Amino acid sequence: MPMAAASLSPVLPSARLTDNHGRVIHDLRVSITDRCNYKCVYCRTGEMGAQYPELSIEEYLRLIKLFVGLGVTKVRLTGGEPLLRRGLVELVQDLARERTPSGDPLDLALTTNGHLLAGLAVPLKNAGLNRVTVSMDAVDPATFERITRVPGSFQTVLHAVRTALAAGLTPLKINCVLLRGFNDDQIEGFAHFARQEGVVVRFIEFMPLEEGRLWTPEIVVPLTEIVERISRVLPLARLAPRDASETARRYTFADGVGEIGIIAPVSQAFCGACSRVRLTSDGKIRTCLFSQVEHDLYGRLRSGAGDPELREYIVQTVNGKEARHHIGEPGFLKPSRSMVHIGG
Ligand code: SAM
């Protein structure tokens with residue numbers, strides 16, 4: 001056997017990506033830019049722009065295909081703001097042609113602030129995008145615009161949400177990050193919004209991933225409080241999880257109309273069921289949002305590594321995925337990059 005082949009363990013087409021904690025990794029989040037057209041107060045300081053280089057669309061495609069060949073079935077494109085990235089529709093089109101090792105199409109999703117979505121919803125749907133998640137942190141226009149720091153952004157995003165629904169990008173999820181004293185007065189309004197607009201609103205506990213220094217345990221609005229507050233105005237009924245790696249606890253309302261979800265990485269961490277791995281806009285693998293190390297997949301590609309070598313690197317890297325995060329514990333270290341530069 002030639003030396004090069006002997007040093008690589010074989011990666012079979014049907015291989016599944018697993019880590020050394022027994023988890024199967026089938027969910028890839030890819031940031032295609034760390035530029036953003038919003039300066040949400042809890043995310044960015046407002047001073048910094050993009051910090052990391054972007055790969056070409058062909059390079060993202062090549063790297064994503066490697067993960068798909070290793071068993072990734074769900075790809076979420078994110079950023080920064082992914083709709084700022086030229087070539088996005090073509091990337092979606094190419095990804096929609098990919099098949100998992102078992103022959104199924106990928107589950108293709110996108111997370112966006114929605115600012116440019118009205119004009120892109122139909123092209124993205126036609127290109128093969130399955131679903132979209134739009135970030136909205138308030139249903140009150142003034143609060144919304146205080147958070148995004150972009151005048152007129154509420155109406156722009158609301159129009160985009162309705163356009164995306166009409167285009168069939170469903171179920172459409174709205175992500176709302178809650179911060180005490182900033183937007184926790186929006187909780188009940190969002191419950192009504194979910195029912196009126198036919199969207200799934202998902203409240204997310206704020207994590208220490210901001211550019212500045214805002215996070216404290218007290219600023220986090222925990223799952224129990226959200227459930228309690230909504231139940232006071234609209235009684236909730238818990239929905240059964242659809243699969244073990246589902247991040248959101250899902251609820252419907254007593255009359256069965258509408259759905260909300262709560263993602264509670266701080267108060268009820270779900271690391272034990274994590275199925276995710278991330279690729280940053282500059283081609284580094286991050287095995288956890290809170291990783292202290294990054295793995296330079298693109299560096300290997302650029303220096304001429306072939307697909308077998310890159311696959312082997314992915315397999316080894318994912319195998320070393322962290323058991324869990326340590327938010328709120330003594331000695332917790334923020335990662336070197338903030339959410340906008342990792343890819344949310
Ligand atoms: N620009 C896109 C958007 O706004 O959806 C995609 C990137 S953004 C970083 C992805 C998601 O991460 C958004 O829903 C945002 O609210 C959320 N996010 C940002 N910082 C966060 C934090 N510290 N904790 C929890 N979620 C956060």
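Okay, so two strands count as paired here if DSSP finds at least two bridges between them. Helices (H or I, at least four residues) and strands (E, at least two) are DSSP runs, numbered from the N terminus. Keep in mind that this is a predicted model, where local features need pLDDT of at least 70, side-chain atom pairs count only at pLDDT 80 or more, and totals for chains, interfaces and linings use all residues. Residues are numbered from 1 along each chain as its sequence is written, and side-chain values use heavy atoms, with hydrogens and water left out.

Let's start with the sheet. There are twelve strands in an open sheet with mixed pairing, and the order reads S7-S8-S9-S6-S5-S4-S3-S2-S1-S10-S11-S12. S7 (236-238) and S12 (295-296) are the edge strands with a single partner each, so one side of each has no neighbour in the sheet.

Now zoom in on S2 (residues 74-78) and S3 (residues 107-112): they run parallel, joined by four bridges. Opposite Lys74 you'll find Asp107 in S3. Lying across S2 and S3 is helix H3 (residues 88-97), at about 175° to S2. That angle is between N-to-C directions, from 0 to 180 degrees, using lines fitted to C-alpha atoms, for helices over the stretch in contact, with contact meaning heavy atoms within 4.5 Å.

On to the ligand. Tyr42 has a polar side-chain atom 2.6 Å from a ligand oxygen, a polar backbone atom of Gly80 sits 2.8 Å from a ligand nitrogen, and a polar side-chain atom of Glu81 is 3.0 Å from a ligand nitrogen. The ligand alone exposes 550 Å², and the protein buries 95% of that (Shrake-Rupley, 1.4 Å probe).

Most residues other than glycine have a negative phi, and most peptide bonds are trans. Thr170 and Pro171, though, are joined by a cis peptide bond, omega about -5°, and Pro171 is in the loop between H6 (153-166) and S5. Arg149 has a positive phi, near 60°, and lies in the loop between H5 (141-148) and H6.

Key: A polar contact is a pair of N or O atoms within 3.5 Å; within protein, one must be able to donate a hydrogen and the other to accept it, and residues adjacent in sequence count only if both atoms are side-chain atoms.
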